[in-house]
Structures are given as C-alpha cells and as structure tokens.
There are 2 protein chains.
Amino acid sequence: MKKIRVSITSPKGFTAAGLACGLKKSGKLDLALIYSEVPCAAAGVFTSNQVKGNPVIVSKANLKNGQAQAIISNSGNANTWTGEKGLGDALEMTKLTADALGITQNNVLVTSTGVIAKPMPMPKIRQGIKAVVKALSKQGGENAAKAILTTDTRKKEIVVKVGKVTVAGIAKGSGMIEPNMCTMHAFITTDAEIAPRLLQKILNKAVQKSFNLVSVDNCMSTSDCVFVLANGLSKLRVTSCESRVAQAIEYVCEYLAKEIARDGEGATKLITVKVSGARNNKEAAQVAKTITNSPLLKAASYGLDKNVGRILQAVGTTKAKVNWQKFKFNWQMGKKEDVITVNLGAGRGTAMAWGCDLTYDYVKINAAYRT
Amino acid sequence: MKKIRVSITSPKGFTAAGLACGLKKSGKLDLALIYSEVPCAAAGVFTSNQVKGNPVIVSKANLKNGQAQAIISNSGNANTWTGEKGLGDALEMTKLTADALGITQNNVLVTSTGVIAKPMPMPKIRQGIKAVVKALSKQGGENAAKAILTTDTRKKEIVVKVGKVTVAGIAKGSGMIEPNMCTMHAFITTDAEIAPRLLQKILNKAVQKSFNLVSVDNCMSTSDCVFVLANGLSKLRVTSCESRVAQAIEYVCEYLAKEIARDGEGATKLITVKVSGARNNKEAAQVAKTITNSPLLKAASYGLDKNVGRILQAVGTTKAKVNWQKFKFNWQMGKKEDVITVNLGAGRGTAMAWGCDLTYDYVKINAAYRT
C-alpha cells in the first residue's frame, strides 16, 4: 500500500466535477458530481438521527440493490425538514443527474449539507446539474472535493494504491463537538471488484474504526453519510474483509476521519486519545470518546493547560470498569497535536478516538452560522 | 410561602462565617462554615462520578446516621486525586472543626472545590478553621455564600418562609456545559423538624426536579454535593413529601439550580427548555437535557441566531419517541433568557431543563483555568 497524490478520480473509470451554482452566498463551489463509466457495487452508512435529510432517505432507498454509478452532492442547503416538497426535490436531483448522464435514476446517490429547514432553490440546482455533468473530467476531482465543503477550512482528499487497485476518498465535516451536529460526508471510490454485500461489510467495519470514533453514535447530524463505489475496472477481485484492499479502505476512512477532527470548527489541533486496559473494546471506546468530547478538556488543550483533572473527571464519568490502583495516563501536549494515553488497568480492551480543541472560533462560527 | 431576603442563617439556630485563608491566589474568600446550635437531621446527594473527592467520601460516611451539625467547605482546592494523604486531610478538617466547635466529629460535613490533584495546603486550612469558627455569627451568611464560589460571578442565595418555618439555601456552580465537570455545591438549612429518612426522600425528589436537570447524571463533577440540615427549632414537624415545607425545599433547589445555569461559565443568559407530549417523563427529561446540552444550540443562542435546525437535530439525536406529524416547537429568544418549548406529540410526559449559552468567555475561562 502506498499513499499517492491526485484525487477521487484516480481509480480507473472515475471522473468528477465541482462548480458554484449559487447555493452559497459566498460564491464558493457548492455542487459536486462523481461518476463511474460503468455501474459500481456500492455501499453506504447513514446518520442514525431520527430526523433525516431528504437526500438520506432517497440515497438509502437507491442503495438497496447494492449498486450506484454517480454521486450528486451539494453544500449550502441540507434539504432537511423541508417536507414532501423537499423529498421531491431530492428525487428530482437524482432524476436530473441520471437523465443528463444517460444512466438509471436509482443508480444516483444524492447528499446535501448546509442550512436546515430552508427549501432547496431548485432553479439553481437544475442549471447546476446540467453544467456539472458537462464539466466531468479526470481533472475534476479537486473541484469536487472543494464543492462538498461547508465550514471546513480545507479540502480532505486521499489516494492509496494496493498493487493494481486504487482507492481514493474525499470528505467534508468540520464540527466535532459533541453533540456533533455538523454534517460529515465521505465518498470513496475504487476500481477493485467487490461484491456489494462484502463491500458493505468492509465499509461497516472501516466506519466503526474511523468515523464513528470522531463522533458518538447518537449525535450524528441529520445528513451524515459515507459511500463507497467499486467499479471493478482494475479486474482485481476482493474476496475478504482481511484483504489488502479492505485494509486500504480502512486506511482511507481513518485518514479522512482524522482530517475531519483536525479541521474541527475553529480547531487549532488534533487530539488523539488511545485507551488500553479496558474490560473490552466497547468500554475502551466509551472512555476514548468521553475524553475527546469533554469541552473542559478541549478548552484546556487549546490553552496549552495540561490540567490532568480534566482526564480524571472524564474517565470517572463513564461507567467503564477502572482499576484505580493500576490506572495510568499521559498527556503529550503540542501546538499541532495532543496525544492522550490512558490505561484503565482492568483488561485488554483498546480503542482510539480523535477530536479537536475548543476555541473562540468555534463559538464565533456557531454563534452566527447562518449569517 | 414567601420569598424573603437575608441568608443561610435565617432559620432559627443557624450561624455562619466565611473568610480568606489563603487557598485562592486572588485573596478572595475561600473557607465557609455553617453551624447549627443543636444537632440536625441531615440528608445529602453526592456526585455519581467514579472519581470522588476525598471530602465526598468523608461526608457520605458522616451522613450515614442521618445527623449533622456543621458544614465546613473550602474553595480553591478540590482535595481530589490526592491519595490517602488527601483522605486524611479531609478527615482532619472535620476533626479540627468538631474540636473547635465542641461537637462530634462525625456530625461535621466537609466539601472542597477547586483544582484537582494538588495536595491541600493544610497549614492554611488549620489556621482558617480556627478563625472561621471564631467568626461564626448570624450575619456571617453572606460571607459563607461568597467563600464557596470558584468561577462563579456572583453568590447564589435564597430564603423562603412557610408559616413559622424558614428554609434557606446557598449554592456554587458555574459550569453547565456537558459533560459538566464544574463542581456544584448547594447547602440548605431549615428550622423545620423532619425525620432523617423523610428528609432524604424530600431532598432526592427536589434534586431530581432541579439540580439533576441542569446536569446529566453521568457528567457530575468529582465533588458535587447537596446537603440539607433541619434542626427542628421552629417546633413545626413535617410528616410528608407533599407538605408545604417539602415544597419550599423543592422551590429552593429549583431557584438555586436556575441560578447556577444562569451563572454558567461565560454565560450571558439562561436557557429554559420545556418539553411536553413525551411518552413518559423520563423521555421528556432526556430531550430537554439534550437540547440544553447542544453546544451548537448554545452558541446560536449566544449569537441571537434563531437557527431552528439546532432544535430539530438535538431532538432527533435522542431515542425518545416522537410523533413527527404532531411535533411542534417554539423558541423565544431574548437577551437575558431563551425559552424553548417542544411538544413531541407522543404522550403526556413532561420535563424542564435549564442551561446557558456558549460564549467566548467559556473558552477563555477553561483554556487557562489554573493560571
């Protein structure tokens, strides 16, 4: 496995594009399209929020057959809490994209992120979809990576090669504070050949070890989703969750998850928490997440104040079994990254979690998100 | 029931004092004593954090017989994660207080709040306890109310009268962000006569409807505690949880809980959340707390940005049953207070919760708490 440059279009047969269709007042890119020249095996993981964006409902339905060929994704409007009209709009987005591409409507996945409870400005979307289909190219990956962003300060891309297979990913997401309400999107492409059910299994496992560790389950946004498209054009067939390609997908997810944490709203640094010595992995993850979610610890991290009471308090609030006699911890504090290691002394369970510091800018960004 | 001025010493037979014994660098008051001239029925509620301050361990043991006569409380040092030495220090504080007052050692409750994992400067404490016992007076309530504060911006006091009975309370607490790691202390005195078991029952019920709604259970600090002392000197005997005196204790708890929320670290306003239409009261409380704990909603409240998406997302992240067809909500936003009402349309359960906005000052306070 080696890490290479380029973009979401690196795997064989994929093209992409991103442009500004006017959803963002700033004039920044806000509409992205990722396309495979042949239908792909596809898998997805969605928000567990009771309130689901209309695009989530549509994409979930379209993924039922384990197939997809394109992802149309806009930022600037979440198309959530927009009623039946909004559901119709999400469906129309898949239809417009399918028609323009000459593919089947239910092979188009759609995602939206941005403000909630505002109608989608469909005239802009209609123009935008026509234009973005025309703009598809091998060089369009960077614009696609930019067009899915909201409060992110930078694009998040990665490409890895495993033999003749390429796996690429882009993501957006910039709110890691619990409860994490800021939408997280990640799109992964590969030219490996993977059966849909195996692909879903690989994705579930990868998400569990990556995106789910930067955000606790019950705090997902209304629009979170992770998609992986595998078009098989490398002719390499993947047959197990332990394969090197599966590991590459895990690596891509972990990389993007950390990038999301590092680019948390207002964040100046990444906080990595490693827990060992737990009764089991579940309790280890619970402790790791509780530490990354503590606003007091996050603020102390920002202020370079190594106040170890923050770790003790966070661990103590969990129900995880701790052998306080053997309990050990360490907090390496830096300007760009903190690494906190905790050993609960109670077993062999381990977990990692990623978060970011809490800063003035987080408050600033969220005090006037819509303005 | 009427609300009157004065202090924790208003009920018959209570005196108090507060002074600076040098625990706080600022020179502010940091040692408080509350004393009843006769032994009291006493009840307490303590933190559920796995890590418990040494004073919590000692006070819990001393409350087992349902009796107490004095509370010695310091700010500036939490005496937590200080090992056996710290446990000895907490015990010594009760002994010094008991000896100076000429009362039984296990009738003294002790609480400490402040920095964690630093040894108690016992020479200062020893001098301080001698002085604070000498300073006891009917007028000392205000100083006691000040001496228990840490990052609070103002003291929190209340006195209510029910017939010939007086109920008074003071509290400290200034961190309402989840996970709530900032210590909350509340001390309530009354001259009503109440059997210890009934008093504990009344207190549990009152805490459930007040302090527990400004902070979720598993997020309590290592040192949280609420005490009530009833010395019986009014000669009025309370025999039920539904009595007017029990209601007065509830009222005092609710008042102090709201004061704590309103004075949340860096807060500019109180956020009151009223949930109705839940399947049961428990689910209603879960939704109310989730809303008050959302940093995105809290930041929006600070920015006077009525972003209703924040309410939808918070409700959606809970597991509470919601009838989305009947779901209704309203957000009254003001400069001093927000009131959010939510009807889940799924039943008759109701709950309230209190929180505060998230501001630059919260980050500032916690980025350099110890400096």
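**Burial, contacts and helix packing**

Author: In this predicted model, B:Ser75 counts as buried because 27 C-beta neighbours lie inside 10 Å.

Reader: In which element of chain B is B:Ser75 found, and by what distance are the C-alpha atoms of B:Ser75 and B:Ala20 separated?

Author: B:Ser75 belongs to strand 4 of chain B, which covers residues 67-77. Once neighbours within four places in sequence are left aside, its contacts include B:Leu23, B:Lys24 and B:Asp30, as well as B:Thr113 and B:Ile148. Although B:Ser75 and B:Ala20 are 55 residues apart along the chain, their C-alpha atoms are separated by 9.8 Å.

Reader: Is A:Thr183, where UniProt places the feature "active site", buried or exposed?

Author: The UniProt annotation at A:Thr183 comes from an unreviewed entry, and the residue is found in the loop between strand 7 (165-172) and strand 8 (185-190) of chain A. A residue is buried if 20 or more other C-beta atoms lie within 10 Å of its own. Because A:Thr183 has 29 C-beta neighbours inside 10 Å, it counts as buried.

Reader: Which residues touch the most other members of the largest nonpolar core?

Author: The largest nonpolar core holds 240 residues. For A:Ile249, with neighbours within four places in sequence left aside, the contacts are A:Val167, A:Ile188, A:Ile202, A:Leu203, A:Ala206 and A:Val228. The residues that touch the most other members of this core are A:Ile249 and B:Ile249.

Reader: How are helix 1 and helix 2 of chain A oriented to each other, oblique or parallel?

Author: The axes of helix 1 (residues 54-62) and helix 2 (residues 83-101) of chain A come within 8 Å and cross at roughly 50°. Because of that angle, helix 1 of chain A is described, relative to helix 2 of chain A, as oblique.

Reader: What is the handedness of that crossing of helix 1 and helix 2 of chain A?

Author: Where the two helices meet, the residues of helix 1 of chain A include A:Ile57 and A:Val58, and those of helix 2 of chain A include A:Leu87 and A:Ala90. The crossing of helix 1 and helix 2 of chain A is right-handed.

Reader: At what angle do helix 7 and helix 9 of chain A pack?

Author: A:Val287, A:Thr290 and A:Ile291 in helix 7 of chain A meet A:Ile311, A:Ala314, A:Val315 and A:Thr317 in helix 9 of chain A, and the crossing is right-handed. Helix 7 (residues 281-293) and helix 9 (residues 309-317) of chain A have axes 9 Å apart and pack at an angle of about 135°.

How values were computed: Residues are numbered from 1 along each chain as its sequence is written. Chains are lettered from A and ligands numbered from 1 in the order in which they are written. This is a predicted model: local features need pLDDT of at least 70, side-chain atom pairs count only at pLDDT 80 or more; totals for chains, interfaces and linings use all residues. UniProt positions are given in the numbering used here, feature names are shortened, and annotations may be inferred rather than shown by experiment. Helices (H or I, at least four residues) and strands (E, at least two) are DSSP runs, numbered from the N terminus. A residue is buried if 20 or more other C-beta atoms lie within 10 Å of its own, exposed if 12 or fewer, and partly exposed in between; C-beta atoms are placed from the backbone. A nonpolar core is a set of buried Ala, Val, Leu, Ile, Met, Phe, Trp, Tyr and Cys residues joined through C-beta atoms within 7 Å. Two residues are in contact if their C-beta atoms, placed from the backbone, lie within 7 Å. Axes are lines fitted to C-alpha atoms, for helices over the stretch in contact, and angles run from 0 to 180 degrees between N-to-C directions. Angles under 35 degrees count as roughly parallel, over 145 as roughly antiparallel, 65 to 115 as roughly perpendicular and the rest as oblique. A crossing is left-handed if the near helix is turned anticlockwise from the far one by less than a right angle, and right-handed if clockwise.
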